[in-house]
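Please view the chain alongside the text.

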Amino acid sequence: MSDYVVIGQAGTGSVIVEAVLTMVGTPYRVEEVRHVDFARHNPMVQVPALITPAGELITESAAILIWLAEAHPEARLGPAPGDPGRAQFLRWMAFVSSAIYSLYWIRDDPSRIAGDETGKALVRERTADRILHCWSVMDSQVSPAPYLAGQTIGVLDLYVTVISRWGRRRKRFYEAAPKLGEVVRQVDAEPRLAALWAERFPFTDGWEG
């Protein structure tokens, strides 16, 4: 069987997939986007993309994470079909993807929807506020125990942790979503991920803002 292949880049959404595969304990390799014909792997030209050991291509971050959790039930990375916690798990996976992650496509390059510098600045401000509002909404409706889908780290925790490190630093995230803040601090400190964080998304001095 071949290894998993993650198409991505340090500090991006592909790190979430790398973290999941690290938790699973299965071999994988990363192909940096600058070294591949990325449009061939994903016509949207967005990371992450995953090639399974069977050679199947999967795109869309939430789909990749849910599929990996189901493909490796022994790792206990998400509620299985039929589990009482499954509905809320799927709800929040979709919410993070559609309500929060998608806004970074705009924030990364405001010229995609704004033509002048004033417009770009307004886009950055409004999307930052919207992201914080969405985190706050999620925080008001989750009850970590101690993680978002139960007693062990899962793909939803990893999803939130990496995305919460983008943009205007973590301090505003902690203020908007204190319960989520406790979860992501636990994931930041997870020993099994220490080497991955150091290599692919390092904690530099003052990174929290």
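## Basis and conventions

Helices (H or I, at least four residues) and strands (E, at least two) are DSSP runs, numbered from the N terminus. The model is predicted: local features need pLDDT of at least 70, side-chain atom pairs count only at pLDDT 80 or more, and totals for chains, interfaces and linings use all residues. Residues are numbered from 1 along each chain as its sequence is written, and side-chain values use heavy atoms, with hydrogens and water left out.

## Helix α3 and the cores

Helix α3 covers residues 61-71, and its buried residues are Ser61, Ala62, Ile64, Leu65, Ile66, Leu68 and Ala69. Buried here means under 20% relative accessible area, exposed over 50%, and partly exposed in between (1.4 Å probe, protein chains only). These buried residues pack against the strands β1 (4-8), β3 (49-51) and β4 (57-59), and against the helices α1 (14-24), α4 (86-101) and α7 (155-163). Contact means heavy atoms within 4.5 Å.

A nonpolar core is a set of buried Ala, Val, Leu, Ile, Met, Phe, Trp, Tyr and Cys residues joined through side-chain atoms within 4.5 Å. The largest such core has 60 residues, of which Trp135, Met138 and Ile163 touch the most other members. Apart from it lies another core, of five residues, including Ile7, Val33, Ala49 and Ile51. Ile163 is in contact with Ile16, Val96, Ile100, Tyr101, Tyr104 and Trp135, leaving aside neighbours within four places in sequence.

## Packing of α1 on α7

Two packed helices are described by the angle between their axes and the distance between the axes. For α1 and α7, the axes come within 9 Å and cross at roughly 145°. Axes are lines fitted to C-alpha atoms, for helices over the stretch in contact, and angles run from 0 to 180 degrees between N-to-C directions. The crossing of α1 and α7 is right-handed; a crossing is left-handed if the near helix is turned anticlockwise from the far one by less than a right angle, and right-handed if clockwise.

On the α1 side the contact involves Ile16, Ala19, Val20 and Met23, which meet Val155, Leu158, Tyr159, Val162 and Ile163 of α7. These residues divide into nine nonpolar, no polar and no charged. In this count Ala, Val, Leu, Ile, Met, Phe, Trp, Tyr, Cys and Pro are nonpolar, Asp, Glu, Lys and Arg are charged, and the others, Gly among them, are polar.

## Two buried residues with polar contacts

Ser14 belongs to helix α1 and counts as buried because its relative accessibility is 0%. Its side chain makes a polar contact of 3.1 Å with the side chain of Thr12. A polar contact is a pair of N or O atoms within 3.5 Å; within protein, one must be able to donate a hydrogen and the other to accept it, and residues adjacent in sequence count only if both atoms are side-chain atoms. Beyond four places in sequence, Ser14 is in contact with Val6, Ile7, Gly8, Gln9, Pro48 and Arg200.

Arg170 sits in helix α8 (residues 169-176). With a relative accessible area of 0%, Arg170 is buried. A polar atom of the Arg170 side chain lies 3.3 Å from the backbone oxygen of Thr161. Not counting residues up to four places away in sequence, Arg170 touches Thr161, Ser164, Arg165, Val184, Asp188, Trp207 and Glu208.

## Backbone geometry in the loops

Most residues other than glycine have a negative phi, and most peptide bonds are trans. The peptide bond from Val47 to Pro48 is cis, with omega near 5°, and Pro48 is found in the loop between α2 (38-41) and β3. Another cis peptide bond joins Ala145 and Pro146, with omega about -10°; Pro146 lies in the loop between α6 (117-141) and α7.

Glu60, in the loop between β4 and α3, has a positive phi near 75°. Its relative accessibility is 43%, so Glu60 counts as partly exposed. Arg76 also has a positive phi, of about 55°, and is found in the loop between α3 and α4. At 53% relative accessibility, Arg76 counts as exposed.

## A partly exposed helix residue

Gln186 is in helix α9 (residues 178-188) and counts as partly exposed at 29% relative accessibility. Leaving aside neighbours within four places in sequence, Gln186 is in contact with Pro146 and Tyr147. The C-alpha atoms of Gln186 and Tyr147 are separated by 8.6 Å, and the two residues are 39 residues apart along the chain.
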